Structures are given as C-alpha cells and as structure tokens.
Amino acid sequence: MMPAEGTRHTDNTRLEAFSDAIFGFAATLLVVSLDVPSTYDALVRSLYGFLAFGLSFAMLASIWNTHRSFFKRYPLGDPRTVVLNTVLLFLMLFYVYPLKFLTRLLALLVFRGHFGGDAVTISGAQLPGMFAIYGVGFTAVFGCFALMYFHAAKQAPSIGLGAAEVRTARDSGGQFVIMAGFGALSAGLALGNIGVRLGLPGWIYGLIGPALSIYWIWRHRGDAKPPTPS
C-alpha cells in the first residue's frame with residue numbers, strides 16, 4: 001500500500017538541511033552590500049535599495065518554495081538526485097548576482113530622477129549581455145527542476161508513488177521545461193540583438209503565465225478537475 005504523502009516526507013534530512021543553508025546564504029548575498037545608514041538622508045536613500053532587494057528576494061523565495069515542494073512530495077536521496085540538487089544549488093549561487101543586478105536596474109528605472117541607492121552602470125551595447133546572462137541562469141535553474149521531476153517519476157516504486165502522482169511529476173517536469181524554454185528564448189533574442197533596446201528579452205518572461213495555463217489545460221483536457229500546478 002502506498003504511504004500517505006505526509007508520512008513519506010522527513011523534514012530533517014541532511015540533503016534538505018544543506019539546501020536550506022545554501023538558500024539562506026544566497027539570500028545573504030542579496031543584502032550583504034547594504035550598509036547600515038548613519039544619517040537620515042542615508043536612511044531614505046537606502047530604502048530605495050530595498051525595492052531591488054524585495055524583488056530579488058521574492059524570486060529567490062519562489063525558487064526555494066519550488067525546491068521545498070519537490071522534496072515534500074518526493075523524498076529522494078539517491079545519487080542522481082544528490083547530483084541534480086547540488087548543481088541546482090551551485091546555479092542558485094551564480095544566479096544571485098545577475099538577479100540582484102537586474103532588480104537594481106529595474107529599481108533605478110522606476111525611480112528615475114529620485115533613486116538614491118547604489119549606481120548601476122550599463123551601456124546600450126551591454127544590454128544584450130545582461131539579458132543573455134540572466135536568461136542562461138534562468139534556463140539552467142528551471143532545467144534542473146525539470147530533470148529532478150522527471151527523475152522522481154522514474155523512481156516511483158522506491159518512494160511508493162501512485163499512477164496519479166507519477167503523472168503529476170511528469171507534468172510538473174514539463175512545466176519547468178516550458179519555463180526553461182522561455183529563458184533560452186530570452187537569451188537567444190539577446191544574443192541575436194533582437195528587440196533588446198525595447199526590452200523584448202525581458203518582456204518575453206511575461207508570457208510564461210499564459211503559456212503554463214495553456215499547458216495545464218492541454219495536459220488535463222477531459223479531466224473532471226485539472227490539478228493545481230506545482
């Protein structure tokens with residue numbers, strides 16, 4: 001008999017504890033450069049920097065929650081899972097810097113003329129490189145999640161997954177393939193210098209939501225009630 005989902009999961013595994021430590025370190029890297037202000041004017045200027053921190057932290061928290069959901073559903077500790085998880089954590093540490101730079105740039109654009117935080121210097125000729133770096137990182141992170149979910153589906157007998165759960169794992173893997181694909185598309189547009197000055201490589205991420213909605217409707221057409229995406 002398949003064990004209940006709650007009994008399959010153990011919070012205090014070494015793999016998850018190590019992963020949480022790395023995510024915590026990545027969050028520290030997002031804010032480590034923010035100095036404690038010594039004057040009121042410096043305090044006001046630093047508040048603008050927290051907008052960029054908030055945006056980047058929200059993205060990091062979203063990735064952490066995706067990671068948490070995976071191990072809650074699929075408590076795997078086999079060598080392939082360890083390797084994929086280690087690669088993912090390495091990528092997260094790499095991903096922090098492009099993410100932080102990009103959110104600081106967005107904050108600068110939002111508060112144009114009023115932004116008092118650290119300066120962000122980038123020329124028009126460097127924009128393709130910025131979008132490409134971010135796109136490659138985005139693709140790699142969610143590509144790792146896709147591989148982890150596909151691997152979980154293959155390991156169904158070892159963790160007692162039922163047919164419906166195997167299907168959900170495969171469908172979730174497909175979801176992350178789509179997300180990784182948008183990152184690759186953004187990087188490709190940037191490298192080809194297509195619509196870069198209009199921000200097309202950045203705006204393309206806005207299509208992820210509609211694309212995933214179509215994907216889940218397609219994957220579960222005919223079902224009485226489509227499952228909630230991971």
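Reader: Asp-171 first. Buried or exposed?
Author: Asp-171 is buried. This is a predicted model. Its relative accessible area for Asp-171 is 0%, and the cut-off for buried is under 20%, so the label follows.

Reader: Which helix does Asp-171 lie in?
Author: Asp-171 lies in α7, which covers residues 163–191.

Reader: What does the side chain of Asp-171 make a polar contact with?
Author: With the side chain of Arg-219. The distance is 2.6 Å.

Reader: And which residues does Asp-171 touch, leaving out those up to four places away in sequence?
Author: Tyr-215, Trp-216, Arg-219 and His-220.

Reader: Now Arg-167. Which helix?
Author: Arg-167 is in α7.

Reader: Which class does Arg-167 fall into by accessible area?
Author: Partly exposed. Its relative accessible area is 34%. Buried needs under 20% and exposed needs over 50%, so Arg-167 falls in between.

Reader: What is Arg-167 in contact with, neighbours within four places aside?
Author: Arg-219, His-220 and Asp-223. The C-alpha atoms of Arg-167 and Arg-219 are separated by 9.9 Å. Along the chain, those two residues are 52 apart.

Reader: Helix pairs next. At what angle do α7 and α9 pack?
Author: About 150°, with the axes 10 Å apart. That makes α7 roughly antiparallel to α9. The cut-off for that label is over 145 degrees.

Reader: Left-handed or right-handed crossing?
Author: Right-handed, as α7 passes α9.

Reader: Which residues of α7 and α9 meet?
Author: From α7, the residues include Arg-167, Asp-171, Gly-174, Ile-178 and Phe-182. From α9, they include Ile-208, Leu-212, Tyr-215, Trp-216 and Arg-219.

Reader: Then Ile-208. Where is its place?
Author: In helix α9, which spans residues 208–219.

Reader: Is Ile-208 buried or exposed?
Author: Ile-208 is buried, at a relative accessible area of 10%.

Reader: What is Ile-208 in contact with, again skipping neighbours within four places?
Author: Phe-138, Met-179 and Phe-182.

Reader: How many residues apart along the chain are Ile-208 and Ile-178?
Author: They are 30 residues apart. Their C-alpha atoms are separated by 7.8 Å.

Reader: What about α5 and α7? Which angle?
Author: About 165°. The axes are 7 Å apart, and α5 runs over residues 127–154. The two helices are therefore roughly antiparallel to each other. α5 passes α7 in a left-handed crossing.

Reader: Why quote both an angle and a distance for packed helices?
Author: Because two packed helices are described by the angle between their axes and the distance between the axes.

Reader: Back to single residues. Where is Ser-186 found?
Author: Ser-186 sits in α7. At 0% relative accessibility, Ser-186 counts as buried.

Reader: Which residues does Ser-186 touch, not counting those up to four places away?
Author: Phe-131, Pro-201, Gly-202, Ile-204 and Tyr-205.

Reader: Next up, Asn-193. What is its phi?
Author: Near 55°. That is a positive value in a residue other than glycine. The place of Asn-193 is the loop between α7 and α8, the latter being 200–203.

Reader: Buried or exposed there?
Author: Asn-193 is exposed, with a relative accessible area of 53%.

Reader: And Arg-80?
Author: Arg-80 is found in helix α4, residues 79–110. At 51% relative accessibility, Arg-80 counts as exposed. The C-alpha atoms of Arg-80 and His-151 are separated by 8.1 Å. The pair is 71 residues apart along the chain.

Reader: Zoom out. How many helices and strands are in the chain?
Author: Nine helices and zero strands.

Reader: How much of the chain do buried residues make up?
Author: 41% of the 230 residues.

Reader: What share of contacts comes from residues 24 or more positions apart?
Author: 78%, taken over contacts in the chain with a separation of 6 or more.

Reader: Last one. What does the accessible surface come to?
Author: About 12600 Å². Carbon and sulfur atoms hold 67% of that surface.

Key: Residues are numbered from 1 along each chain as its sequence is written. This is a predicted model: local features need pLDDT of at least 70, side-chain atom pairs count only at pLDDT 80 or more; totals for chains, interfaces and linings use all residues. Side-chain values use heavy atoms; hydrogens and water are left out. Helices (H or I, at least four residues) and strands (E, at least two) are DSSP runs, numbered from the N terminus. Buried means under 20% relative accessible area, exposed over 50%, partly exposed in between (1.4 Å probe, protein chains only). A polar contact is a pair of N or O atoms within 3.5 Å; within protein, one must be able to donate a hydrogen and the other to accept it, and residues adjacent in sequence count only if both atoms are side-chain atoms. Contact means heavy atoms within 4.5 Å. Accessible areas come from the Shrake-Rupley method with a 1.4 Å probe; for residues, only the protein chains shown count as cover. Axes are lines fitted to C-alpha atoms, for helices over the stretch in contact, and angles run from 0 to 180 degrees between N-to-C directions. Angles under 35 degrees count as roughly parallel, over 145 as roughly antiparallel, 65 to 115 as roughly perpendicular and the rest as oblique. A crossing is left-handed if the near helix is turned anticlockwise from the far one by less than a right angle, and right-handed if clockwise.
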